[in-house]
Amino acid sequence: DLESHLQRCQQLSVTVLTDHQDLSNTELKTILNSKTPQQYRIRAKLRTYKPQKLYQSIKLHCSKCNTLQEVPDGDAFDFILQGSAVTAPNPELHNTSWYDTVMWTTQDQKQRKITIHFVKHDEMLQQPEDTLLMIEGGTLKEVWKLTKRFKCVIPVRSTEDDLELLDLSAPFLLQGNIKYYGCKQCSTPKPIRSLSSIAAQQQPSWEPAEIAQVLGIKPLQYVFIMKFTLVDGTGALNAYLVDY
């Protein structure tokens, strides 16, 4: 458990934080006044670390523009889904050569219209575990139910000419319990019909990277990042841990 390990480190008077046994110890003051890059061995105390909660260490990173952002919470996604449900499904976009459409009205007071488009392969529907589908008008709970049964789920809305992705603050793709996000700055979303090129392949695998590419999305990567402040009496040094 990383948090308990870090707390133990803080309780120790001195902690060896790096190896490099062939190097002699260097004071932090010397390191701070030196030009990088160089390799040092230090003896230091861990004064603070951020974030305090481990789950807050997970961020979204764009390898193209190098931006780092928080992972949106479920409430933000639900809000976007609710906003997209205001747009009525366009019947002219139902049942095309590469997907079949099913639409129904909920029995609750709101009587929402939910539309699901099941992508076909060789004019046949694939097995659920191999199927990509697109949903219009669903709630967060309904979307998660679909991800448990089908391979890929893409939330969409209708336009006059085609289906389109929602705001990129929402995931462009859900697979299992993973939400895939795109960079707003580096993406140029294309119409959903671009997916028909994958459906036409001999064995569509519906890999997230390939889906992102045909939809004009620059995917964001999940990264683990922490900041440690080290002290040894001569100075304080910030150290960052980043891992994909």
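How many salt bridges does a search of the whole structure find? The search finds six, a salt bridge being a side-chain nitrogen of Lys or Arg within 4 Å of a carboxyl oxygen of Asp or Glu. The model is predicted, so local features need pLDDT of at least 70 and side-chain atom pairs count only at pLDDT 80 or more, while totals for chains, interfaces and linings use all residues. Residues are numbered from 1 along each chain as its sequence is written, and side-chain values use heavy atoms, with hydrogens and water left out.

One of the salt bridges joins Asp100 and Lys120, at 3.2 Å from N to O. This pair links distant parts of the chain, with Asp100 in strand 4 (residues 99–105) and Lys120 in strand 5 (residues 113–121), 20 residues apart. Helices (H or I, at least four residues) and strands (E, at least two) are DSSP runs, numbered from the N terminus. Asp100 is partly exposed at 27% relative accessible area, whereas Lys120 is buried at 13%; here buried means under 20% relative accessible area, exposed over 50%, and partly exposed in between (1.4 Å probe, protein chains only).

Another salt bridge is formed by Asp162 and Arg193, whose closest N and O atoms are 3.0 Å apart. Asp162 lies in the loop between strand 8 (152–158) and strand 9 (163–165), and Arg193 in the loop between strand 11 (178–180) and helix 5 (196–199), 31 residues apart. Asp162 is buried, with a relative accessible area of 9%, while Arg193 is partly exposed at 46%.

What about cysteines? The search of the whole structure finds zero disulfides, a disulfide being a pair of cysteine sulfur atoms within 2.5 Å. The sulfur of Cys62 has its closest cysteine sulfur in Cys65, 3.6 Å away, which is too far for a bond. Cys186 is in no disulfide either, and the nearest cysteine sulfur, again that of Cys65, is 3.7 Å away. Cys62 is buried, at 0% relative accessible area, and Cys186 also counts as buried, at 18%.

Strand 2 (residues 58–61) pairs in the antiparallel sense with strand 12 (residues 221–231) over four bridges, where pairing requires that DSSP finds at least two bridges between two strands. Strand 2 also pairs with strand 3 (residues 68–70), in the antiparallel sense over three bridges. Leu60 has Tyr222 as its bridge partner in strand 12 and stands opposite Gln69 in strand 3. In the hairpin of strand 2 and strand 3, six residues lie between the strands, and Asn66 takes a positive phi near 65°.
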